[in-house]
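Take a look at the model below. We will walk through its fold step by step.

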Amino acid sequence: MKRIEAIVQSEVSKKVVDAISKTGVGGVTLIQSLGQGSGERPVIGGHQIEFNSIDVIVTVVQDGMVQSVVSAITDVLKLIAQHLLMVW
């Protein structure tokens with residue numbers, strides 16, 4: 001058994017959970033959280049944003065499923081990143 005954790009922005013967590021579920025995983029735990037990296041904080045509406053809204057997605061899978069679950073997570077995040085690059 002292996003524990004897999006994915007830390008993602010809250011806006012994309014549903015897509016990541018859906019991708020994990022499609023691999024046949026029976027369940028996930030989603031922890032809503034706030035995070036702060038070392039980068040510059042954005043200013044929105046005249047207020048500096050201190051924290052980003054992030055989700056921690058946790059699942060435990062059989063050893064034989066690890067690669068397919070990790071691939072599903074990275075594939076969906078790559079698609080999201082490509083879409084964001086196309087928008088900018």
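Predicted model: local features only at pLDDT ≥ 70, side-chain atom pairs only at ≥ 80, totals over all residues.

The protein has 2 helices and 5 strands. In sequence order they form the pattern β-α-β-β-β-β-α. The C-alpha trace spans about 50 × 30 × 20 Å along its principal axes.

Next, the contacts and the surface. Take the contacts between residues at least 6 apart in sequence: 73% of them join residues at least 24 apart. Of the 88 residues, 27% are buried. The accessible surface is about 6400 Å², and carbon and sulfur atoms account for 57% of that surface.

Strands of a sheet pair through backbone hydrogen bonds, either parallel or antiparallel. Here, 3 strands form an open sheet in the order S1-S5-S2, and the pairing is antiparallel. Why is one side of S1 and of S2 left without a neighbour in the sheet? Strand S1 (2–9) and strand S2 (29–35) stand at the edges, each with a single partner strand, so one side of each has no neighbour there. From one strand to the next, the twist averages 25 degrees.

Strand S5 covers residues 52–61 and runs antiparallel to S1, with 8 bridges joining the two. Within this pairing, Ile4 stands opposite Thr59 in S5.

Finally, the helix. Helix H1, residues 13–22, lies across S1, S2 and S5. The helix H1 runs at about 10 degrees to S5.

How values were computed: Residues numbered from 1 in each chain as written. Heavy atoms only, no water. Helix = DSSP H or I, 4+ residues; strand = E, 2+ residues; numbered from the N terminus. Buried < 20%, exposed > 50% of the residue type's maximum accessible area, 1.4 Å probe, protein only. Contact = heavy atoms within 4.5 Å. Areas by Shrake-Rupley, 256 points an atom, 1.4 Å probe, with all protein chains shown as cover. Pairing = 2+ DSSP bridges. Axes fitted to C-alpha atoms, helices over the stretch in contact; angles between N-to-C directions.
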